[in-house]
Amino acid sequence: CDNNRRNGISIISANGLKLISPYAANSNGTLPMAGLDIEPNSPKNELKGIYISGLKTENNSGNGLDIVLNNLYGGGDKNVDIQIKNPKDVASVTGARVISFRQKAGIPGSIRGMIHIDKPLWSGQKKSSIDTSAMREKAVRLNMQ
């Protein structure tokens, strides 16, 4: 996926998804402009059994990898299971960004689970290699090796 107007690849809801050696570069035009964006649209969506191996992103106007869990709140408790092996980003704004926070107070439910990012290789980012500053859901563990 090269030179896309919004994102190279968007994952909104999945249960048992495997992506092997996906490529997403030069995303631009309208936010979030990520190489790979994992971002549910509503609490009805699921992010389970997602396995991505050999992801390569580069020169995206947003983040190479974007994981945004905010829209899962409001539909009861959710379990997240995402495993990303050997991701590589070159020269995107940020190599990877992971976000999880309630956008409005009083929204019921919680998000639990695990996000594994194994052996990332990020180089030449315009801001940072990884941004977890908005990762506020303590029940979601982010494991990077």
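In what order do the 4 strands of the open sheet with parallel pairing come? The order is 4-7-10-13. Strands here, like helices, are DSSP runs numbered from the N terminus, with at least two residues (E) for a strand and at least four (H or I) for a helix. Two strands count as paired if DSSP finds at least two bridges between them.

Before I go on, the basis. This is a predicted model, in which local features need pLDDT of at least 70 and side-chain atom pairs count only at pLDDT 80 or more, while totals for chains, interfaces and linings use all residues. Residues are numbered from 1 along each chain as its sequence is written, and side-chain values use heavy atoms, with hydrogens and water left out.

Back to that sheet of 4 strands, 4-7-10-13. Its edges are strand 4 (23–25) and strand 13 (121–123), each of which pairs on one side only. From one strand to the next, the twist averages 10°; axes are lines fitted to C-alpha atoms, for helices over the stretch in contact, and angles run from 0 to 180 degrees between N-to-C directions. Strand 4 runs parallel to strand 7 (residues 56–58), and 3 bridges join them. Opposite Ala-24 stands Thr-57 in strand 7.

Next, backbone geometry in the loops. Leu-31 and Pro-32 are joined by a cis peptide bond, with omega about 10°. Pro-32 lies in the loop between strand 4 and strand 5 (36–38).

Asn-59 counts as partly exposed because its relative accessibility is 40%; the classes are buried under 20% relative accessible area, exposed over 50% and partly exposed in between, with a 1.4 Å probe and protein chains only.

Asn-86 also has a positive phi of about 55° without being a glycine. This residue is in the loop between strand 9 (78–85) and strand 10 (88–90). With a relative accessible area of 40%, Asn-86 is partly exposed.

Lys-85 is in strand 9. Its relative accessible area is 28%, so Lys-85 is partly exposed. Beyond its neighbours within four places in sequence, Lys-85 is in contact (heavy atoms within 4.5 Å) with Tyr-51, Ile-52, Ser-53, Gly-54, Leu-55 and Asp-118. Lys-127 is 42 residues from Lys-85 along the chain, and their C-alpha atoms are separated by 22 Å.

Last, the rings. The charged end of Arg-136 sits over the ring of Phe-101, 5.4 Å from its centre. The criterion is NZ of Lys or CZ of Arg within 6 Å of the ring centre and within 35 degrees of the ring normal.
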